[in-house]
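Take a moment to turn the model around before reading on.

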Amino acid sequence: MTPLALVMIIAAYMLGSISSAVLICRMLRLPDPRKMGSNNPGATNVLRIGGKKAAASVLLCDMLKGTIPVWGGFFLGIDPVILGVIAIAACLGHMYPLFFHFKGGKGVATALGAIAPIGLDFTAMIIGTWLAIAFCFRYSSLAALVTVLLAPLYTWMLKPQYTLPVAMLCCLIVFRHHQNIRRLLDGSEPKIGDKKEAMNKA
């Protein structure tokens with residue numbers, strides 16, 4: 001691994017460690033998302049406690065945490081596998097943020113931002129899959145899990161050279177959702193827009 005690649009990996013982790021949800025909630029004088037709703041500092045939980053505008057801001061910022069370092073590595077000519085490691089580093093920063101006591105989110109938006117540079121057609125397939133599952137079942141976590149399980153297949157269809165790094169990233173996202181998988185199986189997972197049950201989990 002070259003020194004440049006190592007610097008990019010560290011920078012990706014540091015950027016990922018900036019918790020958009022916590023900072024935006026502080027700016028808007030909203031409750032700490034780590035202590036309200038599902039206790040997850042991500043866009044879905046911010047939607048529950050702060051509304052659409054706050055959630056959209058968090059979603060955009062979280063996506064940029066993945067897009068910026070991966071795009072940077074791409075333009076610097078870094079190998080596709082190392083680009084996958086950079087994407088994973090950004091997601092690890094989001095999941096276990098250095099600046100916020102290592103208590104972060106699930107990394108879905110950051111992962112989406114990291115793999116979006118593969119192409120607009122790929123991004124459209126990813127977003128379309130998430131929206132379709134979320135609309136049909138109203139579970140954000142289920143939509144995320146189905147989407148990341150299909151993402152390597154989409155990658156192989158469009159840009160096969162990135163299949164391995166995308167698969168690596170998707171495995172990390174599935175692992176981070178182990179608690180959601182358990183709640184989906186026992187029926188206790190809160191649905192999108194279900195504020196009352198989410199607040200009772202706080």
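**A walk through the fold**

Ile10 is partly exposed, with a relative accessible area of 48%. Partly exposed is the middle class: buried means under 20% relative accessible area and exposed means over 50%, using a 1.4 Å probe and protein chains only. Ile10 sits in helix H1. Helices here are DSSP runs of H or I with at least four residues, strands are runs of E with at least two, and both are numbered from the N terminus.

This is a predicted model, in which local features need pLDDT of at least 70 and side-chain atom pairs count only at pLDDT 80 or more, while totals for chains, interfaces and linings use all residues. Residues are numbered from 1 along each chain as its sequence is written, and side-chain values use heavy atoms, with hydrogens and water left out.

Which helix gives the most to the nonpolar patch? Helix H1 (residues 3-16) does, with three residues.

Now step back to the whole protein. It has eleven helices and zero strands. Its C-alpha atoms fill a box of roughly 50 × 35 × 25 Å, taken along the principal axes. Of the 202 residues, 47% count as buried. The accessible surface comes to about 10200 Å², and 71% of it belongs to carbon and sulfur atoms.

Contacts tell us how the chain folds back on itself. A contact means heavy atoms within 4.5 Å. Among contacts with a separation of 6 or more, 66% join residues 24 or more positions apart.

Go inside next, to helix H6. Seven of its eight residues are buried, so H6 is largely enclosed by the rest of the structure. Among the buried ones are Ala109, Leu112 and Ile115. What covers them? The cover of the buried residues of H6 includes H4, H5, helix H7 (120-137) and H9.

Helix H9 (residues 163-176) holds Arg176. Arg176 is buried yet has no salt bridge. A salt bridge is a side-chain nitrogen of Lys or Arg within 4 Å of a carboxyl oxygen of Asp or Glu. The nearest side chain of opposite charge to Arg176 is Glu189, 11 Å away. Lys and Arg count as positive, Asp and Glu as negative; His and the chain ends are not counted. Leaving aside neighbours within four places in sequence, Arg176 is in contact with Met95, Tyr96, Gly104, Gly105 and Lys106.

How many salt bridges does a search of the whole structure find? It finds three. Side chains of opposite charge can pair when their charged atoms come close. Glu189 meets Arg183 at 2.7 Å, N to O. Glu189 is buried, with a relative accessible area of 8%, and Arg183 counts as buried at 18%. Asp32 and Arg34 meet at 2.8 Å. Arg34 is partly exposed, at 21%.

An α-helix has 3.6 residues a turn, so residues three or four places apart point the same way. Asp62 is buried at 2% relative accessibility, and Lys65 is buried at 4%.

Finish in the loops. Arg29 has a phi near 60 degrees, a positive value in a residue other than glycine. Arg29 is found between helix H2 (20-27) and helix H3 (43-50), and is exposed at 79%. His101 also has a positive phi of about 60 degrees. His101 is in the loop between helix H5 (80-95) and helix H6 (108-115), and counts as exposed at 64%.

Definitions and conventions: Areas by Shrake-Rupley, 256 points an atom, 1.4 Å probe, with all protein chains shown as cover.
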